[in-house]
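Let's walk through this structure together, one packing contact at a time.

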Amino acid sequence: MDKQEKKRILITGAAGFLGSHLCDRFIAEDFHVIGMDNMITGDLRNIEHLFKLPNFDFYHHDVSKFVHVPGKLDYILHFASPASPVDYLRIPIQTLKVGSLGTHNLLGLAKSKCARILVASTSEVYGDPLVSPQPEEYWGNVNPVGPRGVYDEAKRFQEAMTMAYHNVHGLDTRIVRIFNTYGPRMRLNDGRALPTFIAQALRGEDLTVFGDGSQTRSFCYVLDQIEGIFRLLLSDYTQPMNIGNPDELTINDMAREIIALTGNQSKIRYVSLPIDDPKQRRPDIGKANRILNWNPAVNRKEGLLQTLNYYKQLPSEELKQKNF
Ligand code: NAD
Ligand code: UDP
């Protein structure tokens with residue numbers, strides 16, 4: 001098949017954790033992939049292996065500014081946005097802009113190209129949820145003016161804008177609500193619990209558990225997440241869809257699992273809980289199961305081992321870098 005006949009997909013946030021795995025997946029599916037990223041939290045090493053391929057292009061661009069891509073586009077995946085609380089609290093205005101202005105730009109691009117667009121939403125639209133597990137019908141419990149509001153409200157706006165383009169312009173849209181996902185290529189110092197704990201354990205330091213560690217999360221391995229997103233994009237389901245692993249555990253238990261996995265002697269050190277940190281989070285994945293025939297396949301032990309092995313092969317200086 002020559003280059004013009006391939007399906008063409010634009011992936012924003014391509015140099016980030018999920019974006020880079022999506023690039024790999026769509027290259028493997030024989031698409032022509034156009035990556036876009038402004039590198040605010042990304043790392044070019046995540047996609048450097050793709051630069052030599054004829055069916056991969058890369059644009060260094062901030063999608064909160066007008067987005068232009070030459071040629072036809074069949075699909076757009078809008079994944080550009082800081083995702084770690086440490087990142088989005090450091091750059092709150094850029095976070096609000098990419099979720100709002102960036103989303104608007106990409107919806108406009110999708111409309112002009114007659115492309116299908118899937119936007120990356122988040123379990124954070126449920127805020128500090130009062131029901132568990134969280135089904136898509138739950139409207140959430142979000143503090144708009146709290147520190148996390150810059151991320152949560154940007155994503156809620158993103159969903160509202162996407163549905164408006166769907167309803168008003170008949171745009172072909174998909175919305176994925178991603179629950180905590182982990183795996184190789186997560187920045188070791190991005191501040192999220194899992195890379196932080198692994199880095200601390202590998203350095204032989206104590207693990208910093210926020211609050212009393214009784215808050216829960218449900219961690220999904222990256223390749224399971226990518227499979228769910230792939231199926232949702234190719235489905236005809238246009239309402240928001242949760243993708244995540246419902247295997248819920250406390251942050252205390254997660255810290256203990258990581259200490260055991262690394263075999264180090266680290267202990268847990270309790271530090272103060274960030275404002276509005278959700279107390280529980282667990283996806284109801286009934287819809288993904290019924291509509292996409294999707295279920296997570298990688299258990300946490302296996303996923304953590306893959307992730308640990310990835311971090312172990314990074315240059316040793318990286319383990320020393322902390323950004324918070
Ligand atoms: P990440 O920080 O690793 O990647 C985000 C990428 O977007 C980075 O490469 C960054 O440079 C780029 N970016 C940010 N603002 C941009 C802009 N204005 N223009 C162009 N590029 C920009 O984060 P991630 O974990 O890969 O998350 C990707 C997406 O998935 C985000 O939209 C996030 O909200 C969503 N998400 C992720 C998770 C998770 O657990 N990883 C959970 C829920 C939602
Ligand atoms: N957390 C922690 N220690 C850390 C980083 C995070 O105890 O060094 C906690 C955090 O307060 C939250 C959970 O781990 O309750 C998951 O945090 P993360 O930043 O990974 O993602 P979130 O789900 O909060 O967006």
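Predicted model: local features only at pLDDT ≥ 70, side-chain atom pairs only at ≥ 80, totals over all residues.

The crossing of helix 1 and helix 6 is right-handed, meaning that the near helix is turned clockwise from the far one by less than a right angle. Helix 1 brings L18, H21, L22 and R25 to the contact, while helix 6 brings V222, Q225, I226, I229 and F230; residues are in contact if their C-beta atoms, placed from the backbone, lie within 7 Å. By class, this contact of helix 1 with helix 6 has six nonpolar, two polar and one charged residues. Here Ala, Val, Leu, Ile, Met, Phe, Trp, Tyr, Cys and Pro count as nonpolar, Asp, Glu, Lys and Arg as charged, and the others, Gly among them, as polar.

Residues are numbered from 1 along each chain as its sequence is written, and chains are lettered from A and ligands numbered from 1 in the order in which they are written. Helices (H or I, at least four residues) and strands (E, at least two) are DSSP runs, numbered from the N terminus. Axes are lines fitted to C-alpha atoms, for helices over the stretch in contact, with angles from 0 to 180 degrees between N-to-C directions.

Now turn to helix 7 (residues 251–262) and helix 9 (residues 300–312), whose axes come within 11 Å and cross at roughly 60°. The two helices are therefore oblique to each other, a label for angles that are not under 35 degrees (roughly parallel), over 145 (roughly antiparallel) or 65 to 115 (roughly perpendicular). In this contact, E257, I258, L261 and T262 of helix 7 meet L304, L305 and L308 of helix 9.

Next comes an open sheet of seven strands, paired in parallel in the order 3-2-1-4-5-6-11; strands pair if DSSP finds at least two bridges between them. Strand 3 (56–60) and strand 11 (241–243) are the edges, each pairing on one side only. Strand 11 pairs with strand 6 (residues 173–178) over three bridges, and N242 in strand 11 is the bridge partner of R177.

Finally, look at ligand 2, surrounded by 14 residues, the closest being R192, A193, T196, V209 and F210 (C-beta atom, placed from the backbone, within 6 Å). Strand 8 gives the largest share of this shell, three residues.

Methods: Contact = placed C-beta atoms within 7 Å.
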